[in-house]
Amino acid sequence: LSKQFQSLLSSIIELNIEDSEGAAAFLESAEHSRTGLVSSDFETRVSKISDEHGKDPKILAKLSRIREKQGRMDEALELASDAIANGPPDSEVLLRRAELRFRENDLTGAAKDTRRILSLSGESDILVSRAVELFRRLEPTKIEELVGAPALKALKPSYKSGIASDFGRNVSELKAAEWLLKIALDECGDELADRIVNQLACVLIGLQKFDEAMELVRESDQPAECFNYAVATWGKTRSVPKSLFQRMLESTKRSDLGLATANNQFCLALAHWAVDEIDLAKEHLDRAKQLSMSRFAKDLSPWRYRLV
């Protein structure tokens, strides 16, 4: 009976569109409906809601989503702008407007909205991640300008690490990744520390900060960290440190590099080449080439320390 009562109560609330709660409930229900968005009765009720609640930012945001679902993008964009103008900063509505602007090729407006979102704090980690990804598509050479952004600073360490893993196509992205990972390393627990240390070492090598990278992984006996230590030493001294690459290969007998990825196979190829095991180097290089042909996402190049 309680479920039937709740259902009846919801229906009554939806019918009372003069009330803001009823209007919001009606629009919420309509947004998730597969039918009913094209009838004249529906349009009459939406028009009445717009007249009655044209200054309510929450109602305007819901109306914007309805218009977007109907494919009426100009109206959706205008309603999203009205919602923003009539209420306090709402990151979800700002992101929706940014995405609409992006789709309508207003790249300047979209970038402005994403910057505004990232200047706020206390937003959800998922929403901030979406905003960062959109900003990266809009301003790929200006990622460094996100350093210090309150929304990024407030992310959980795991999200900082996840976002940093997508930064690495250019120096600007690497600088932002360095900032994020250093904060994450200070905040994270033991379960994330090894992963973030290895990420940060790769970023520092990409930025040619070899001494910092070496200090991070100096004591580790894990294959990935041993490899990074050898490469950082090579970068600093300009001389191939054969003994360190041999140490890395020895470490793989105790703990392998993990999944058979193009990245890992190239690391092994480079290590074997460094210790003059040319045939083994060629075998791993061939495997790396084969694996790289079937990958769908960018991967870290152990040669350039950039995402390629």
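By class, the lining of the largest cavity comprises two nonpolar, no polar and three charged residues. Here Ala, Val, Leu, Ile, Met, Phe, Trp, Tyr, Cys and Pro count as nonpolar, Asp, Glu, Lys and Arg as charged, and the others, Gly among them, as polar. The lining is made up of Ala-61, Arg-65, Glu-92, Val-93 and Arg-96. Helices are DSSP runs of H or I with at least four residues, numbered from the N terminus.

The model is a predicted one, in which local features need pLDDT of at least 70 and side-chain atom pairs count only at pLDDT 80 or more, while totals for chains, interfaces and linings use all residues. Residues are numbered from 1 along each chain as its sequence is written, and side-chain values use heavy atoms, with hydrogens and water left out.

The largest cavity holds about 30 Å³ of space, and the structure has one cavity of 30 Å³ or more. On a 1 Å grid over the protein atoms alone, a cavity is a set of points where a 1.4 Å probe fits but cannot get out; a pocket is an open set with protein on both sides within 12 Å along at least five of seven lines; and lining residues have an atom within 4 Å of a point. Grid points are joined across faces, edges and corners, and a volume is the space filled by probe spheres set on the points.

The largest pocket has a volume of about 790 Å³. Of the 30 residues that line the largest pocket, Asn-198, Gln-199, Cys-202, Asn-263 and Leu-300 lie nearest its centre. Two or more lining residues come from each of α10 (157-164), α11 (171-187), α12 (190-206), α14 (223-237) and α16 (262-274). Which helix gives the largest share of this lining? That is α12, with six residues. The lining of the largest pocket has 15 nonpolar, 10 polar and five charged residues.

The second largest pocket contains about 290 Å³ of space. Its lining has 14 residues, with Ile-205, Phe-210, Val-231, Trp-303 and Tyr-305 nearest the centre. Helices α12 and α14 each give two or more residues to this lining, and the largest share, three residues, comes from α14. Eight of the lining residues are nonpolar, three polar and three charged.
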